[in-house]
Amino acid sequence: MDESRPSLGLTHIVHRSRSAEDALRGVDLNRNIEALIENPLAHLTPDQLQKDARSFARSTGLGEHEDLIEKGARIAKDPQYFEFISGVTDAERQALWDERTHRFRQPSALYLTIIICSIGAAVQGWDQTGSNGANLNWPAAFGLDTSESSSDFWILGLVNAVSTPGIYRLQEKGPDCGIF
């Protein structure tokens, strides 16, 4: 924590609290105009940190991973000095070091997935825009009265909804089905 910056009182609240959860209970994050959120674990004693981590593991059904969650809490308490925390293996230290020095080193398949999903979202948006724009003109071109009191309103709704069952059917059958 940078001691030259004001703490907005969070340090004092966290320091005198019994747990990190209790510490942030009374903090109004909507009025925190600098968006400064201090590490809620930073001022816990090692014993309290261990107790909170183990309690969290048991309360969430992760009791068999208590040691790992405690180790993660100790790293999260002071992430800048993870190299000096006891119990962290060399492989874990290397993984944490890689995460710090190469933040965006991810598998190329992940980037490909993100790009493909982004393109798919853009195409879906264009398709939806086209459908919405078409709904402005085609009912009048066919002489339909689309006021809610008219039966033609149901025709408009049916035409808009007709593609939805097809999408669900594709999802049910999967891409390997040759006939839809």
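A salt bridge is a side-chain nitrogen of Lys or Arg within 4 Å of a carboxyl oxygen of Asp or Glu. Keep that in mind for this tour of a predicted model.

**Stop 1: the whole chain**

Start by colouring the protein by secondary structure. You'll find eight helices and zero strands. Follow the chain from the N terminus and the elements read α-α-α-α-α-α-α-α. Now switch to a surface view: of the 180 residues, 18% count as buried.

**Stop 2: α3 and α4**

Select residues 46-59, which are helix α3, and residues 66-77, which are helix α4. How do their axes cross? They come within 9 Å and cross at roughly 135°. That makes α3 oblique to α4, because angles over 145 would be needed to count as roughly antiparallel. As for handedness, α3 passes α4 in a right-handed crossing.

**Stop 3: Arg 54 and its partners**

Which residue sits 2.7 Å from Arg 54, going by the closest N and O atoms? It's Asp 67, and the two form a salt bridge. Arg 54 lies in helix α3 and Asp 67 in helix α4, so this pair ties together parts that are 13 residues apart in sequence.

Next, pick Glu 70. Glu 70 also forms a salt bridge with Arg 54, with the closest N and O atoms 2.8 Å apart. Here too the pair links distant parts of the chain: Glu 70 is in helix α4 and Arg 54 in helix α3, 16 residues apart. Both Glu 70 and Arg 54 are buried.

Together with Arg 54, Asp 67 and Glu 70, they are linked in a network of salt bridges. Across the protein, the count comes to six salt bridges.

**Stop 4: a pair within one helix**

Move along to helix α5, residues 90-101. Show Arg 93 and Asp 90, which form a salt bridge with their closest N and O atoms 3.7 Å apart. Arg 93 and Asp 90 are three residues apart in α5, so about one helical turn separates them. Arg 93 is partly exposed, at 22% relative accessibility, whereas Asp 90 is exposed, at 63%.

**Stop 5**

Zoom in on one of them, Val 123, found in helix α6, which covers residues 108-141. With 44% relative accessibility, Val 123 counts as partly exposed.

**Stop 6: α6 and α7**

How far apart are their axes? Turn the view to look along the line between the two helices: α6 passes α7 in a right-handed crossing.

Note on methods:
Residues numbered from 1 in each chain as written. Predicted model: local features only at pLDDT ≥ 70, side-chain atom pairs only at ≥ 80, totals over all residues. Heavy atoms only, no water. Helix = DSSP H or I, 4+ residues; strand = E, 2+ residues; numbered from the N terminus. Buried < 20%, exposed > 50% of the residue type's maximum accessible area, 1.4 Å probe, protein only. Axes fitted to C-alpha atoms, helices over the stretch in contact; angles between N-to-C directions. Parallel < 35°, antiparallel > 145°, perpendicular 65-115°, else oblique. Left-handed = near helix turned anticlockwise from the far one by under 90°.
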